[in-house]
Amino acid sequence: MVVAAAAYAGKYGITAWQAFKAQTPTARMRKVFEGSFQPVMTRREAAMILGVRESTPTEKVKESHRRVMVANHPDAGGSHYLASKINEAKAIMLRRTKRSNSAF
């Protein structure tokens, strides 16, 4: 009886393994950020908008900005608001914004 149970378990295991190997590989999906924009954009939020890390080199930031902007440009049916946020994110990542809210 033990031999029959082991044979049945082995057959089931082989069948399950073959079914697993026959599956097509799927790309792992990133979790989409489900929040809204912060009142004052941070470097972290800018990196998330552009899809880069906070320590990404300048050239990669520019490439990412171009890719995201092409997909969301107002002339191609995108939103003016999103385009402005994408441009703001690029400016923050390239450190082209003022650090304070001072007029001087």
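This is a predicted model: local features need pLDDT of at least 70, side-chain atom pairs count only at pLDDT 80 or more; totals for chains, interfaces and linings use all residues.
**Exercise 1. Is Ser 64 buried or exposed, going by its relative accessibility?**

Residues are numbered from 1 along each chain as its sequence is written, and side-chain values use heavy atoms, with hydrogens and water left out.

*Solution.* 
- Start with the cut-offs: buried is under 20% relative accessible area, exposed is over 50%, and partly exposed is in between (1.4 Å probe, protein chains only).
- Ser 64 counts as buried because its relative accessibility is 1%.
- Ser 64 sits in helix α3, residues 58-72 (helices are DSSP runs of H or I, at least four residues, and strands are runs of E, at least two, numbered from the N terminus).
- Leaving out residues up to four places away in sequence, Ser 64 touches Leu 50, Gly 51 and Val 52 (contact means heavy atoms within 4.5 Å).

**Exercise 2. Work out how α2 and α4 cross, and which residues make the contact.**

*Solution.* 
- Packed helix pairs get described by the angle between their axes and the distance between the axes.
- Helix α2 (residues 43-50) and helix α4 (residues 80-93) have axes that come within 9 Å and cross at roughly 120°. Axes here are lines fitted to C-alpha atoms, for helices over the stretch in contact, with angles from 0 to 180 degrees between N-to-C directions.
- So α2 is oblique to α4: under 35 degrees is roughly parallel, over 145 roughly antiparallel, 65 to 115 roughly perpendicular, and the rest oblique.
- On the α2 side, the contact uses Arg 43, Ala 46, Ala 47, Ile 49 and Leu 50; α4 brings Lys 85, Ile 86, Ala 89, Lys 90, Ile 92 and Met 93.

**Exercise 3. Find the buried residues of α4, and say what covers them.**

*Solution.* 
- The buried residues of α4 are Ala 83, Lys 85, Ile 86, Ala 89, Ala 91, Ile 92 and Met 93.
- Their cover includes α2 and α3.
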